[in-house]
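Colleague: I have not looked at this one before. Please put it up and take me through it.

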Amino acid sequence: MGNEPLLAVGLDNIAVAESDLSLVDGANGLLVYRGHWARDLAIRHTFEEVAHLLWYGHLPNEQELAALMERMKANRSLPEHVKAVLRAIPDDVDMMSVLRTGVSALGNREHRWPPTVDEVIAVAAKLPTIVAYRYACLQGREPLEPDAQLGHTANYLYMLKGQKPSAAHVRALDAYLILTQEHGMNASTFTARVITSTQSDLISAIVGAIGSLKGPLHGGAPSEVTEMIEAIGTKENAEPWLRNKLEKGERLMGFGHRVYRTVDPRATALRVVAQELSGDDPWFDLAAHVEQTGLKLLAEYKPNRKLNTNVEFFAAAVMRAVGLEDELFTPTFAVSRVVGWGAHVLEQAANNRIIRPQSIYTGAMPE
């Protein structure tokens, strides 16, 4: 029929936009945020500093950082109707579905085209409050209001746990949240950009992104890593348990990545942070042993595949160390990734063209 589109199932190796937000080089294990190594940002900077980098294009000076922190603090509280929505959702609804609904309830006539950085900041500031509010309700306690004396990550832990967090826990979770703020044209980010390209509003784009992140192939791995390590139980059981999985052709959670064919740079940074945090913690010692055993067995069973530890493996270690339950893993991922979603929404809107791929028809033709 002529002029048929090129078929690229899953859009593998297809670029749909130019972006200066991040470089994800899976072949060489590189992750760059706007000219900075992500691993260095995680070790040396705070959540708000890196959010400023992604939203404004540069790391903030002292005055710029103070201004951003104040704006985020001023936008943390939830409108009463959103609280009512969160309370009305049945207890058996999963947390990501609750988050999706809570963000959707933030939509109003003020969210118009084109989106602004002020809107992005307001939404990013509220996601932790939505998660913590709902979690408190499920725990049977009155939700805490945000604490204006605390930074973004510390306040999130405070609202979740009901007490001021330790500096070590804030440091560890901050590093995780920085490393997952942005990761190129992943499924949820692509979803947000597609929605934005139609000139829809920011809230719709974020809701769509959350729906994409909810899928276990995108945002669900850390809890599965925890389940795997807990099932192994002891260092002595690690090799027979993992070997049995591999011999049955099953996947080891926390190893391998669709993008990275070498070491995941986010895992490298989180390993450093997790070791600083955990010290002689028995659970982390077991996790470290499982990692080394898993890498050894993967080299044995799949020598032609470059399967290394990914960010989800050490994310599970950090989440467990700071006391977050499995049901909070993916929502916490969203608390971080909303920064990148917002940056991509702004970038898409600034040079917009509707994203409209084609499909190849494989059905019958009428006679």
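This is a predicted model: local features need pLDDT of at least 70, side-chain atom pairs count only at pLDDT 80 or more; totals for chains, interfaces and linings use all residues.

Colleague: Is Gly10 buried or exposed?

Modeller: Exposed, as the relative accessible area of Gly10 is 55% and the exposed class begins over 50%. In space, 43 Å separates the C-alpha atoms of Gly10 and Gly162, which are 152 residues apart in sequence.

Colleague: What else is found in the segment before strand E1?

Modeller: Asn13 is found there, and E1 itself covers residues 22–25. Asn13 counts as exposed, at 80% relative accessibility.

Colleague: Stepping back, how many helices and strands does the protein have?

Modeller: There are 17 helices and three strands.

Colleague: What radius of gyration does the protein have, and what would a compact globule have?

Modeller: The protein has 21 Å, and a compact globule of 367 residues would be near 21 Å, so the two agree. Along the principal axes, the C-alpha atoms fill a box of roughly 70 × 60 × 45 Å.

Colleague: How much of the protein do buried residues make up?

Modeller: Buried residues are 49% of the 367. As for the surface, the protein exposes about 17300 Å², and 50% of that comes from carbon and sulfur atoms.

Colleague: And what share of the contacts comes from residues 24 or more positions apart?

Modeller: They account for 76% of the contacts with a separation of 6 or more.

Colleague: On to the inside. Which residues touch the most other members of the largest nonpolar core?

Modeller: That core has 103 residues, and the ones with the most contacts to other members are Trp55, Leu99, Val103, Ile229, Leu270, Val290 and Phe313. Helix H6, residues 117–138, contributes the most to this core, with 11 residues.

Colleague: What does Leu99 touch?

Modeller: Leaving out residues up to four places away in sequence, Leu99 touches Leu127, Ile130, Val131, Ile210, Pro331 and Ala334.

Colleague: And where is Ile229?

Modeller: Ile229 is in helix H12, residues 221–232, and is buried with a relative accessible area of 0%. Beyond four places in sequence, Ile229 touches Trp283, Leu286, Ala287, Val290 and Phe313. The C-alpha atoms of Ile229 and Ala317 are 9.8 Å apart, although 88 residues separate them along the chain.

Colleague: Now helix H13. What should H13 span?

Modeller: H13 runs over residues 235–247, which is 13 residues; at 1.5 Å a residue they should span 18 Å, and the end C-alpha atoms are 19 Å apart, which agrees.

Colleague: Which residues of H13 are buried?

Modeller: Ala238, Leu242 and Leu246 are buried. These residues cover an arc of only 40° around the axis, so they sit on the same side of H13. The general rule is that an α-helix has 3.6 residues a turn, so residues three or four places apart point the same way. On the other side of H13, Glu236 and Glu247 are exposed.

Colleague: What about phi in residues that are not glycine?

Modeller: Most of those have a negative phi, and most peptide bonds are trans. Arg34 has a positive phi, near 40°; the residue is in the loop between strand E2 (30–33) and strand E3 (36–37). Arg34 is partly exposed at 21% relative accessibility. Gln199 also has a positive phi, about 70°, and belongs to the loop between helix H9 (187–197) and helix H10 (202–213). Gln199 is partly exposed too, at 48% relative accessibility.

Colleague: Which residues does a cis peptide bond join?

Modeller: Trp113 and Pro114, with omega about -10°. Pro114 is in the loop between helix H5 (95–104) and H6.

Colleague: Last one: is Glu347 buried or exposed?

Modeller: Glu347 counts as buried, because its relative accessibility is 17% and the buried class is under 20%. Glu347 is part of helix H17, residues 329–350. Not counting residues up to four places away in sequence, Glu347 touches Glu18, Ser19, Asp20, Leu21 and Arg193.

Note on methods: Residues are numbered from 1 along each chain as its sequence is written. Side-chain values use heavy atoms; hydrogens and water are left out. A nonpolar core is a set of buried Ala, Val, Leu, Ile, Met, Phe, Trp, Tyr and Cys residues joined through side-chain atoms within 4.5 Å. Buried means under 20% relative accessible area, exposed over 50%, partly exposed in between (1.4 Å probe, protein chains only). Helices (H or I, at least four residues) and strands (E, at least two) are DSSP runs, numbered from the N terminus. Contact means heavy atoms within 4.5 Å. The expected span of a helix is 1.5 Å times one less than its number of residues. The arc is that of the directions from the helix axis to the C-beta atoms. The radius of gyration is taken over C-alpha atoms; the globule rule is 2.2 Å times the number of residues to the power 0.38. Accessible areas come from the Shrake-Rupley method with a 1.4 Å probe; for residues, only the protein chains shown count as cover.
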